[in-house]
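Hi everyone, thanks for coming. Have a look at it first.

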Protein chains: 2
Amino acid sequence: MSNRSYAILGTGALGGYYGAKLQRAGLNVHFLLHSDYEQVWQQGLVIESPDGDFTLPHVNAYPDANKMPPCDVVVVALKTTQNHLLPEMLPFAIKEGGVVLVLQNGLGVEEKVAKIVGSERVMGGLCFLCSNKVGPGHIRHLDYKAITLGEYTPDYQPAGITERMRQIAGDFESADIPIQLAEDLLFARWQKLVWNIPYNGLSVVLDATTDELMSDLHTRLLVEQLMSEVLVGASAFGRKIPDSFVEKMLDHTAKMKPYRTSMKIDYDEGRPLEVETMFGNPLRTAQAAGVDLPKIAMLYQQLKFLDARNRHK
Amino acid sequence: MSNRSYAILGTGALGGYYGAKLQRAGLNVHFLLHSDYEQVWQQGLVIESPDGDFTLPHVNAYPDANKMPPCDVVVVALKTTQNHLLPEMLPFAIKEGGVVLVLQNGLGVEEKVAKIVGSERVMGGLCFLCSNKVGPGHIRHLDYKAITLGEYTPDYQPAGITERMRQIAGDFESADIPIQLAEDLLFARWQKLVWNIPYNGLSVVLDATTDELMSDLHTRLLVEQLMSEVLVGASAFGRKIPDSFVEKMLDHTAKMKPYRTSMKIDYDEGRPLEVETMFGNPLRTAQAAGVDLPKIAMLYQQLKFLDARNRHK
């Protein structure tokens, strides 16, 4: 059993699920909470999952990062719309020699963390997880759970597979979380955007589930065209995602259960949308590389409008 | 006073308004109705308008085109989604030597009519009208009323100003409807799409009024980009709409009262949307000319999805 300690910044659908799995596997886990702090401090965490429900009656819960013990691995599991809080959290939560693992969607998140803790202390991860928080400290895991891990380097030069990646992967695997190790984090991030951009964006704009988008010929074609634009964006950075990956994502999604995307859930709950990291940053970085992505740009504009109105309702 | 007779095919917000104005000015008008026939036959038409409310207690109402007397001017005021009915209507409604005046939005409508009555008997008109039907035979005119008239020719070669255009314009002007005579109907149709495509499309997709679209920076820019794409489409046919026209439309709309577009009203009422004539035909004709309009194409795909779902609800 590893003796690495984990800090979970953001104990919601994602952080609560992975943190609980790690603690249950015997790891030393510390949870940062905001609105759910009292409840979780008193009653712990409840996880429902097709892998088996379980309860952790006691967890190490903290209302403030500066009350947490510094940890070996600091998992950033906040919504990216909360990332302005990171400068006040990370310096307290991370141990000397520790690493920050950014489990967030989109692009540009690691740069921000690197500015706070130094680029040699940053890793990124992409979660393929379908999970909801259904109440304070109460997580309902629905499907998928794998994580792809990659090292961050300045300018996203591929960093290969490092020893600490293997160690962290081992911890997660001991908690029954499948891990893929990516030699090139930026490639993995663009690859994930192939799914996230069309489905998250269109699900909000068209008030639609994945199966509705796939069963209509027009939106199915639009999804495919948006995916192709993501490939164009990736190629501006020398990341050649093959066209066959688009087909694979389309086939995979057509076979999935009807799925309400995370952005749609945020929208329905009146929470701010992760538009900037998932759409704005890819668009701006591609534009800076001289590449225009017109349909993604239009989706971004539509989402910005809806997000602003949703929050002023 | 002219002795031209008018047939109004489609006595709704548009046909009911213009037909009533013509009859009130002393012209010989015949109204085709469907669901409102009984009511209008018995009680006539009621027009509310900022120019003054008025009632026509008796109108010539018909439930079937084959019961109408053949008229000099047959005004097509149906929604374009009803155009499949025209082959059964026009041959009955038009007098020898008469003309069909197509008062519909979008592109490709005159070609269809020309196949039925011959291209030398077709004119087109663009209505700048804000009017709703609020009940059977009850029209509420809100704002604007002008019409731009143009002659149809095969391949939309500019036909100049003809004598029959002046005569029909005279009839409408005698009914207090301002008329512009267009030498080039296709130019006028593309010009009208500069407004119709962004506002009608986005109002449905984003559930928004014109003022909401104009006050958000992202959608205001998107409106402008969509307008620029319409200019690209028009230029594929040698119609050079100046960039200043885009600015003019933006300024004009920003100053308008908050406005729910006609397509949004159709959507809210569960009626089929005029997507094909307003979006599909411009896209297909531009594509055939080798021009790609990516943002308009995306709006078309989104509208097709929403329209199909709206009608199956």
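Let's begin with a definition: helices (H or I, at least four residues) and strands (E, at least two) are DSSP runs, numbered from the N terminus. By that count, chain A has 12 helices and 12 strands. Please keep in mind that this is a predicted model, where local features need pLDDT of at least 70 and side-chain atom pairs count only at pLDDT 80 or more, while totals for chains, interfaces and linings use all residues. As for names, residues are numbered from 1 along each chain as its sequence is written, and chains are lettered from A and ligands numbered from 1 in the order in which they are written.

Now the overall form of chain A. Its C-alpha atoms fill a box of roughly 50 × 40 × 35 Å along the principal axes. The radius of gyration, taken over C-alpha atoms, can be set against a globule rule of 2.2 Å times the number of residues to the power 0.38. For 313 residues a compact globule would come near 20 Å, and chain A, with 19 Å, agrees.

What share of chain A is buried? A residue is buried if 20 or more other C-beta atoms lie within 10 Å of its own, exposed if 12 or fewer, and partly exposed in between, with C-beta atoms placed from the backbone. Buried residues make up 49% of the 313 residues in chain A. A:Gly170 counts as partly exposed because it has 13 C-beta neighbours inside 10 Å.

Next, a sheet. Two strands pair if DSSP finds at least two bridges between them. In chain A, four strands form an open sheet in the order E4-E3-E10-E9, with mixed pairing. Its edge strands are E4 (54-56) and E9 (130-135), each pairing on one side only. Strand E3 (residues 45-48) of chain A runs antiparallel to E4(A), and three bridges join them. There, A:Leu45 stands opposite A:Leu56.

Chain B has an open sheet of four strands too, in the order E4-E3-E10-E9 and with mixed pairing. Strands E4 (54-56) and E9 (130-135) of chain B each have a single partner strand, so one side of each is left without a neighbour in the sheet. E9(B) pairs with strand E10 (residues 138-143) of chain B in the antiparallel sense over five bridges, and B:Cys130 stands opposite B:Asp143.

On to helix packing. Axes are lines fitted to C-alpha atoms, for helices over the stretch in contact, and angles run from 0 to 180 degrees between N-to-C directions. The axes of helix H6 (residues 185-205) of chain A and H8(A) come within 9 Å and cross at roughly 145°.

Finally, where do the two chains meet? Two residues are in contact if their C-beta atoms, placed from the backbone, lie within 7 Å. The contact takes 16 residues from chain A and 16 residues from chain B. Helices H8 (217-235) and H12 (294-311) of chain A each supply at least two residues of the side of chain A that touches chain B, and H12(A) gives the most, with nine residues.
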